[in-house]
Amino acid sequence: MSTCTVPSHDNATSGDNLYGPRACWQELVNWAWAAFGFQNQYWDDGFGYEDACNRDLPVNRTMSAIWLLCYSAEDYNNDEYSNNCLHWARRYCWNQIDSLKAFCGDGSAVASASGSNVNLYLGYWYDQDVSVRASTLLHEARHLGGKSHNANFPSGSAFGSGGGADSSWGYEGAWMYEVLYLWWFYADGRRSTTALKQRARQEANLYIDNAFATHPGFNIA
Ligand SMILES: [Zn+2]
């Protein structure tokens, strides 16, 4: 992080105090490092490569999201696609993401995807809850799976104007996958807290209202 510094953040609200210690688990880190293709040279210099249990740094904050991705279904060993998204999101991300890099970024995006690589930027670790970080990995994985954003944001969108939206829920794009994950995490996520699940619901509704050119026609009550 030679060109940026850690912004102020609240680990209680974001879930890092809950998930950070769980992700401080060498076997998980070793598995995830290979499974998602963490590129060593992009995760040192302050991003936490030498300090993987420090919940204020990107490595642990990413591992927390991966822990959540792995263990939020009741029967988390069952990753069949016939089950709800909590089961298969890890598998989908694992299949799609071959390379993961950390950057400061310029503040315009929290993440980006190209080829089979995903870049993560400062806002990913410090503006997003652990659950949203997990859903962002699924969002980017969906891009790698061949679904680009295909529409402009609806007028008045919190995300501005121009491209970056999905045309509809039925397009089954990155926003739909992301909302689906947050929705299921709210509805049936395990090993979490009511507060974190409520925040996941709010985030999902934000996307429902602002990231689809044609509103899906529902919100998560
Ligand atoms: Zn996207």
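The structure described here is a predicted model, in which local features need pLDDT of at least 70 and side-chain atom pairs count only at pLDDT 80 or more, while totals for chains, interfaces and linings use all residues. Residues are numbered from 1 along each chain as its sequence is written, and side-chain values use heavy atoms, with hydrogens and water left out. Helices (H or I, at least four residues) and strands (E, at least two) are DSSP runs that are numbered from the N terminus.

In helix H9, which comprises residues 194-210, the buried residues are Leu-196, Lys-197, Ala-200, Arg-201, Ala-204, Asn-205, Tyr-207, Ile-208 and Asn-210. These buried residues of H9 pack against H1, H2, H7 and H8, where contact means heavy atoms within 4.5 Å. The expected span of a helix is 1.5 Å times one less than its number of residues; for the 17 residues of H9 this gives 24 Å, in agreement with the 24 Å that separate its end C-alpha atoms. H4 is mostly covered, since 14 of its 14 residues are buried.

Once neighbours within four places in sequence are set aside, Val-59 is in contact with Trp-33, Trp-43, Phe-47, Gly-48, Tyr-49 and Ala-52. Between Val-59 and Asn-95, which are 36 residues apart in sequence, the C-alpha to C-alpha distance is 20 Å.

A disulfide is a covalent bond between the sulfur atoms of two cysteines. With a disulfide taken as a pair of cysteine sulfur atoms within 2.5 Å, a search of the whole structure finds 2 disulfides. One of these is formed by Cys-4 and Cys-104, whose sulfur atoms are 2.0 Å apart, and this link is left-handed, with -75 degrees about the S-S bond. Because Cys-4 lies in the segment before helix H1 (11-14) and Cys-104 in the loop between strand S1 (99-102) and strand S2 (111-114), the pair ties together parts that are 100 residues apart in sequence. Cys-4 is buried, at 14% relative accessible area, and Cys-104 is likewise buried, at 12%.

The other disulfide joins Cys-24 and Cys-53, with sulfur atoms 1.9 Å apart, and is right-handed, with 80 degrees about the S-S bond. Here too distant parts of the chain are linked, for Cys-24 is in the loop between helix H2 (16-23) and helix H3 (26-35) and Cys-53 in the loop between H3 and H4, 29 residues apart. Cys-24 counts as partly exposed at 36% relative accessibility, as does Cys-53 with a relative accessible area of 41%. When bonded cysteines are counted along the chain, the disulfides follow the pattern 1-4, 2-3. The sulfur of Cys-70 is too far for a bond, because the closest cysteine sulfur, in Cys-93, is 9.6 Å away; Cys-70 is buried at 5% relative accessibility.

The model also contains a zinc ion, coordinated by His-139 (NE2), His-143 (NE2) and His-149 (NE2) at 2.0 to 2.1 Å. Donors are N, O and S atoms within 2.8 Å of the metal (3.2 Å for Na, K and Ca), and because water is not among the atoms, sites may look incomplete. Along the chain, the donors of the zinc ion follow the spacing H-x3-H-x5-H. His-139 lies in helix H7 (residues 130-144), whereas His-149 is in the loop between H7 and strand S4 (151-152), 10 residues apart. His-139 counts as buried at 5% relative accessibility, while His-149 is partly exposed at 27%.

His-149 is also among the residues touched by Asp-166, which include Ser-148, Asn-150, Tyr-171, Trp-175, Met-176 and Phe-212 when residues up to four places away in sequence are not counted. Asp-166 is placed in the loop between strand S5 (163-165) and helix H8 (174-188). Although buried, Asp-166 has no salt bridge, and the nearest side chain of opposite charge, Arg-142, is 7.7 Å away. A salt bridge is a side-chain nitrogen of Lys or Arg within 4 Å of a carboxyl oxygen of Asp or Glu; for charge, Lys and Arg count as positive and Asp and Glu as negative, and His and the chain ends are not counted.

Definitions and conventions: Buried < 20%, exposed > 50% of the residue type's maximum accessible area, 1.4 Å probe, protein only.
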